[in-house]
Amino acid sequence: MQSKISAKLLTSYSENIKTNLDHFLEQPFDTTLAIADNIQRNQLYQASDLTKVEDYLHSAISDIYYQQKQISTISFGSENKDYVGFRKNEDQDVSLILQDKRTNYELEFYHGESSDDIVDYSISNYDPTIRPWYAPFAKEKAAGWAKIYSNADEKNTFTISSISPVINDDTLVGIVATDINLRHLSHFIEPENHHFKGITYITDNQNKLIASSLKASLTDNDNNRIQAKESHNAVIAANGLYIANRQLQNKHAPATFEFDQNGIRYFSRITAYSNNNLQWFIIVTLPENVLLDGLPNQQRLGLVAALTLAFFGLLMGLYLLRIITQPIMDIAAISQQLDHNNWDVTIREDIKLHETTQLISAFKSMSSRLESSFTTLRKQLLFDSLTGLLSRDGFVEKLNNPISQQQGILVLLGLRSFRHTNNSLGQNKSDQLLITIASRLQKNVADNVTISRIDKDTFAVFTPNFQDLEHSHAFAENLLTDFNRPFTINDTEVLVGANAGIMSGKFHDIDMDEWLRNSSLALTYAVKQEQIQRCHYQEYMITASQEQTRLTTDLQRAITNNEFAVYYQPVIDLTNNTIAGAEALVRWHSPIRGIVSPLDFIPVAEDTGMIVDIGKQILLQACSDTKSQIERGQWPVNFALHVNMSVRELLHPDYISTVKKVLAITQLPAANLTLEITESRLVSQPLLTNQLLGQLRSLGIQIAIDDFGTGYSSLAYLTQLQFDALKIDRSFVSQMLNSESHAAIVAAITTMTSKFNAEIVAEGVETAEQAQHLKQLGCRYAQGFYYSRPKPLAEWDTENTSTDS
C-alpha cells in the first residue's frame with residue numbers, strides 16, 4: 001500500500017518538477033536565440049568593434065530580460081577572440097567583462113557596468129574560442145546547451161550556458177552565451193511547500209550533481225564536481241550509490257525504488273529529463289514518516305516531553321540572552337536606519353563584553369565609511385563629471401521635487417554633427433569644447449534656470465518662467481544665439497551649431513522624464529527639418545513615434561513572411577515605340593495594413609537598415625522574373641531590367657557579393673540589369689560610392705542616376721561619376737510644355753547626356769504631347785502612366801511589345 005502511494009506521489013512531484021524546469025530553462029534559451037538574431041540581423045559586431053554589442057547586451061541584462069532572475073551572465077565572444085559580457089552581482093547590479101583592443105586583449109572584470117570603472121580582476125591570454133561554451137558550437141554552428149563548466153573568473157563558479165552562434169552568410173561571427181549559475185538551479189528546485197520534507201536533486205548522465213533542494217555542496221574541497229554517491233549529505237549519497245550500483249541511469253526509463261538509511265525507510269524515484277541537447281535525471285526522495293503523515297507516536301511523545309523540560313530553562317535564559325544581545329539588536333535596528341541616510345549611531349551596552357565592544361566599534365567605523373562612500377557615489381550619480389552640470393538623474397530628481405515649480409519651459413539643445421567635430425578635434429579638445437559650451441550657457445541664463453548635460457552631445461535647460469508659447473520659442477532662440485559665436489579651444493576657434501526641442505506649460509502631474517521624452521521628440525523633428533533650428537512638442541509627435549515603432553515591427557514581420565511584391569512599369573524606346581525594359585517597383589501587401597505606400601515604409605526601412613533585406617528580396621525576384629520571361633520568349637533577350645538601389649544598400653559591405661550571388665542564382669546576364677540610385681543621396685560619401693559604382697559596372701551592370709536635376713547637380717562631380725544613364729525627374733517632364741524654363745532644363749539635360757555617351761530616360765510621361773516633345777529633343781527612352789501604371793507580372797501584357805497609344 002505504501003509503495004503504491006509513494007509511487008503516485010513521487011510521479012506527480014517529478015512531473016511537476018519537469019514542467020517547471022522546462023519553463024526555467026526555456027526562458028534563457030529563447031533569450032539567447034533572440035540576442036544572437038538581433039546581433040546578426042542588425043550587424044552589431046563589425047571588424048572587432050564591440051561597442052554596439054556592448055550597449056545591446058547591457059540593455060538586455062539590465063532592462064529587456066531583467067525579470068529572468070536565473071540569468072547570471074549574458075556574453076558574446078567572437079572569432080577574433082574579442083569578448084564582452086555583463087554579469088549580475090549579488091545585489092542584482094551588473095558589471096562589465098571585456099576583452100578587446102581597449103583592454104590590450106586582456107580579459108578584465110570591472111567593478112561596474114562601464115570600462116571607465118575600476119578593474120576587480122583580469123586574465124591574460126584568455127581565448128574564448130577554446131572554452132566549452134564556444135568551441136563545440138562554433139564547429140556545429142547550431143544552438144544548444146553547453147556542458148557544465150567552471151567559469152574563468154575569480155569565483156570559479158559552475159555554470160550551465162545556453163548557446164547560439166551568430167552567423168553571417170554562412171560565416172561564423174561569434175557565439176552568444178546566457179549563463180545560469182548552478183546555485184540558482186538549486187534555489188529553483190527547493191520545494192515551495194514547507195510541509196514537503198522530501199529531497200530533490202538533479203544529476204547528469206555521469207551521476208554528477210547539478211542541483212539539490214538541500215543546497216548541499218556540489219563540489220569537493222578542490223572545487224571538483226562530485227557524483228551523487230560522494231555527496232556530504234548521507235541520504236543523497238545512499239540514494240546515488242543505489243542508482244549507480246543498479247545502473248538505473250542507463251535505462252532512461254522512470255524507476256521507483258526503496259532503500260534504508262540510518263534505520264529510516266526512503267521511497268525514491270528517478271526520472272530522465274531532456275531539453276534540447278541536455279540529458280539530466282531528476283531524483284525525488286521521501287522518508288516513510290512523511291507518507292505516514294508524521295513521526296511515530298513514541299517519537300512525538302518524546303518530543304513533547306523534551307519541549308516541556310526545555311521550556312523553563314528557555315524562560316530563564318531569555319532574560320540573560322536579551323541583555324547580552326542588546327548591542328546586536330541595536331546594530332540591526334540602526335542598519336535599517338542607514339537605508340534612510342540616517343548616519344547617527346547610538347548603541348546601548350548594559351553589559352560590557354570584549355566581543356560586543358569590538359563589534360560596536362567596527363560598526364561605527366563601517367557606518368562612517370559608508371556615509372563617505374554614499375556621499376561620493378551620490379555626487380557621481382547626480383552630477384556630470386566633465387562639465388560639473390547636473391546629470392540626467394540629478395536633473396530629474398531636482399525638478400521632480402514637490403517644492404519645485406509647477407510650470408516652466410524645458411529646452412533640449414542637441415549639438416549638430418558632434419561626432420564629426422569629435423573626430424576632427426580629438427577627445428581632449430572635444431571635452432574642452434563641452435566644458436566651454438556649459439560655461440557659456442551658465443553665464444547667459446538667470447539664477448533660477450537649471451542646466452544639465454543629459455547625454456554626450458545634448459544639454460537640457462529648464463526655466464520656471466513660463467508665460468506662453470511665443471515666450472517659450474523666444475527663450476529657446478536666446479539659447480541658440482550662444483552658438484552663433486565660435487568657441488575658443490586652445491587658441492583654436494570652433495563653430496558648433498545646435499537644434500532645440502521645446503516642451504512648456506504646466507506640469508499637471510506629468511513627471512520630468514515624460515517632459516524629457518517629449519522635448520527629445522521635438523528635437524528629433526527640428527534636426528530632420530533642415531530649414532528650422534527649433535521645434536515645440538505637439539501631441540502628434542508621440543503618436544507618430546508610436547506609429548513608427550509599430551510600423552517598424554510590422555516591417556520586420558513583412559521581411560520574414562515575404563510580404564513584398566514586385567510591380568513592373570515599362571520603359572519605352574521612343575524611336576520605335578516598343579518596350580525596351582521595365583522598372584521593378586516594390587509594393588507591400590500587408591495582411592494587417594493592406595497595401596502600404598512605399599512613401600510610408602521606405603523611409604523607415606532606410607532609417608532602420610531593413611532596406612538591405614527588402615532590396616535583396618526585390619532584386620532576387622525581379623532578376624528571376626526577367627530571366628524566366630526572356631527564356632519563354634515573352635521579353636527580348638536585350639530586355640533592360642531597372643531596379644532601385646539605395647545608398648545604404650550600396651554602402652553595405654556585402655552588397656557587391658549579394659548582387660553577384662543573385663545573378664549567379666537567377667542566371668540573368670549582368671548586361672540585362674540596370675541599378676538606379678538617387679542623385680541627391682550620392683553626395684554623402686562621394687568617393688566611396690563612386691568607387692563602388694565602378695565595381696558594379698565592372699561586372700557588366702548598367703548604372704542609372706535617378707531623379708536627375710533635383711539634387712546636387714554639380715557638373716564637376718558629374719564628370720567624375722561612373723554611370724550609363726540619366727533619368728530626368730518627373731517634376732521637369734510634367735511642366736516642360738507649360739514652362740519655358742522647365743523645357744530648357746529638359747533640353748539641356750538631354751544634350752549634356754549625349755556628350756557623356758549615356759542614355760536618357762524621361763520619367764512621369766502622362767500625355768502623347770509630352771512623349772512627342774521628348775522624342776523631338778532627342779530623348780530616347782520614356783516611362784510613365786501614359787504607357788502603363790506599374791503592374792504585377794501576372795497582369796503584364798505579353799501579346800505585343802508595341803505601345804502605339
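Modeller: A pocket, in the sense used here, is an open set of grid points with protein on both sides within 12 Å along at least five of seven lines, and its lining residues have an atom within 4 Å of a point. This is a predicted model, and its largest pocket is lined by 38 residues, of which G112, E113, S114, D116 and D117 lie nearest the centre.

Colleague: Which element gives the most to the lining of the largest pocket?

Modeller: Helix α8 does, with five residues, while the elements that each supply at least two lining residues include α8 (354-382), α2 (51-64), α11 (427-443) and the strand β16 (450-455).

Colleague: How should I read the strand order of the open sheet of five strands?

Modeller: Strands of a sheet pair through backbone hydrogen bonds, either parallel or antiparallel. In this sheet the pairing is antiparallel and the order is β11-β10-β14-β13-β12; because β11 (209-212) and β12 (255-261) each have a single partner strand, one side of each is left without a neighbour in the sheet. Neighbouring strands are turned by 25 degrees against each other on average, direction ignored.

Colleague: How many bridges join β10 to β14?

Modeller: Six bridges join β10 (residues 199-204) to β14 (residues 278-287), and I202 stands opposite I282 in β14. Helix α4 (residues 182-189) lies across β10, β11 and β14, running at about 45 degrees to β11.

Conventions:
Residues numbered from 1 in each chain as written. Predicted model: local features only at pLDDT ≥ 70, side-chain atom pairs only at ≥ 80, totals over all residues. Heavy atoms only, no water. Pairing = 2+ DSSP bridges. Helix = DSSP H or I, 4+ residues; strand = E, 2+ residues; numbered from the N terminus. Axes fitted to C-alpha atoms, helices over the stretch in contact; angles between N-to-C directions. Contact = heavy atoms within 4.5 Å. 1 Å grid on protein atoms, 1.4 Å probe; cavity = no way out; pocket = protein on both sides within 12 Å on 5 of 7 lines; lining within 4 Å.
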